[in-house]
Each structure stands twice: as C-alpha cells, then as structure tokens.
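Here's a quick briefing on a few side chains and what surrounds them. Have a look at the structure first, then read on.

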Amino acid sequence: MTRIFMFPGQGAQRVGMGRELFDRFPALEEQASDVLGYSLRTLCLEDPGGRLGDTRYTQPAMFAVNALALRAHLEDTGERPDLAVGHSLGEYNALQAAGAFGFTDGLRLVAARAEAMAGTGGGMSAVIGLPETQLRFLLLRAGFGSLDLANLNTPGQIVLAGPVEDLEEAGPILEDAGARAVRRLAVSGPFHSRYMAPAAERLYPVVAATRFAPLTVPVVANATARPYEQERIGDLLLQQIHQPVRWCRTMESILDEEYGPEPEFTEIGTGTVLTGMLRQIRRERGAAVGAAGPR
C-alpha cells in the first residue's frame, strides 16, 4: 500500500481553524507569530479586519495550520507518507513533509510568496460541468483569449483566471453552452495564470537564496504532475505561480499506480476539499469505464 498525504491550499481557510492545534503546540504557534510579525492565533481565530481573506495573510496562515496538523497526525498515528502532494499553496506543506525545509524556513518562504502574489489585478471563476477540451473550444470561439485555465481540478471542475470583466462576461456564455454552474471565487488575483509571471520574478531572489534539503519521499509538482527532481525544486516553485495546477492529472497518475499499488489518501489540514475532488475524479473515471463497456 502507498500512503499519500494531501495538503489543501488557499480557499480552504476558515475563521476558527487551528484552535486545538495552537493549544497543543504553543511553542510552534509562538515561532510562527515571531516570523510573521503578528499573532497567528488572533488572525485565525478572530480574523480582525477580514485579513484571513487577504492573500498576504491567507497563505502563511494555511501553511502554518497545515504544518501543525501534520505534526499532530505524525504524533497521533506514527504514520509517515510514501508520497506527498499539495494543491497550490499546499505544495509547500508537501515539500515540508518530505523534508525540503523546516517549519520556520517554510513559513518565511510562504510569506514571501504571498507578498509577491498580492496586488495583481484580476480574479478566478470555477466552471462546473464542462470538460477541458470543450471549455477551451468555447473560450476560443467566444474570443476570450484573455482567460487561462488555472486549476484543472477534476474532469468536470476547472478554474479560469484573468481580467474580472472578462470572467463576468464569459460566465453566462459558458452556462448557455452547457456548464452546470460558473461562479466567481473569493480570491484577490488571477493565480496560476500568465498574469502571475511578474510575481514569480519578484519571488525569484528568495527562492534562489533558499537551500532545499534532500527529499525523503517523492512530491508531485502542480506544474508538471510529475515528481520533483531535487535540483529543480526552486524552478518548479516559481513555475507553479504562473502555471496551471494539474491536480486531476496528478490524482489520476496516482490512481493508475504510477507511484505504487493500492494508494491510501489522507488529507491533512483544514477541511476536506481535496478528498471531495478525489471522490469526484474516481466517480468520473468509473463512469468513463462503464460508458466504454467491456473489451
């Protein structure tokens, strides 16, 4: 059996997250607050001024809570992963779980990432019920070359990124063409799209100065849906900012036993969004096999 740890990213945050973890690991909570320059506990439990929805604060908070959840899981179960994956920001937690960097070094890197990514104009919309090829065709036919496919989450759930006005205009068109739903996401930028290339450039000096320790288990990269190569960790983290999150392909490759038989998935962190995506991918794979019929 291959044990896979999955870590959620931005979008899974909620007020109140981490309460029991802060009580359990007060020294780590204090370290995080020292690194960030503000109280992590206050941010997560009270959300003053709605800052938990601000990328600058969301990403460090998610990384810290995911990391504390990992510490709790390791202590409670003694389980260690055979492979780690993370969705967007969660990929940093996957790398930490694989030993690439420690808690405080990872938090500093994530805080720099959040600062680099903040302030980019644009947004994101989730499109439900259209496969990738059809969605690309519809966008091309309707003249929405400004919109990128940013998150390929499941065969029927794809997130677009780009200018807000184009996202708003495209929504009704895609619904008329068969999408079950098109809904704007509560994010402050067009993440994982061409528009984030300047953010990758801003983050480059920090990544270039970071020493990544040898990975103890494979980590599958969002940008390639393939395992990290040790010498390319920095390059792939920069690519991740402006390349799509190929989550569906990542999950399918694991289910196809490319990394070992009988995968067992454990989502670590806040919520169960990745578990829900995995369930949907499995359901649609089963439906595709059934539609193909016996061979």
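Asn222 is buried, with a relative accessible area of 2%; buried means under 20% with a 1.4 Å probe, counting protein chains only. The model is predicted, so to speak of local features takes a pLDDT of at least 70, and side-chain atom pairs count only at 80 or more, while totals for chains, interfaces and linings use all residues. Residues are numbered from 1 along each chain as its sequence is written, and side-chain values use heavy atoms, leaving out hydrogens and water.

**Around Asn222**
- You'll find Asn222 in the loop between H9 and H10 (helices are DSSP runs of H or I with at least four residues, numbered from the N terminus).
- The Asn222 side chain reaches the backbone oxygen of Gly86 at 2.8 Å.
- Leaving aside residues up to four places away in sequence, Asn222 touches several others, including His87, Glu91 and Trp247 (contact means heavy atoms within 4.5 Å).

**Aromatic pairs**
- Searching the whole structure turns up 3 aromatic pairs (ring centres of Phe, Tyr or Trp, using Trp's six-membered ring, within 6.5 Å; planes under 30 degrees apart are stacked, over 60 edge-to-face, the rest tilted).
- One of them is Phe63 with Phe103, stacked at 6.4 Å centre to centre and 20° between the planes.
- Phe63 is in helix H4 and Phe103 in helix H6, so this pair ties together parts 40 residues apart in sequence.
- Both Phe63 and Phe103 are buried.
- Phe101 and Phe212 have ring centres 6.3 Å apart and planes at 55°, so their pair is tilted.
- Both Phe101 and Phe212 are buried, too.

Note on methods:
Helices (H or I, at least four residues) and strands (E, at least two) are DSSP runs, numbered from the N terminus. Buried means under 20% relative accessible area, exposed over 50%, partly exposed in between (1.4 Å probe, protein chains only). A polar contact is a pair of N or O atoms within 3.5 Å; within protein, one must be able to donate a hydrogen and the other to accept it, and residues adjacent in sequence count only if both atoms are side-chain atoms.
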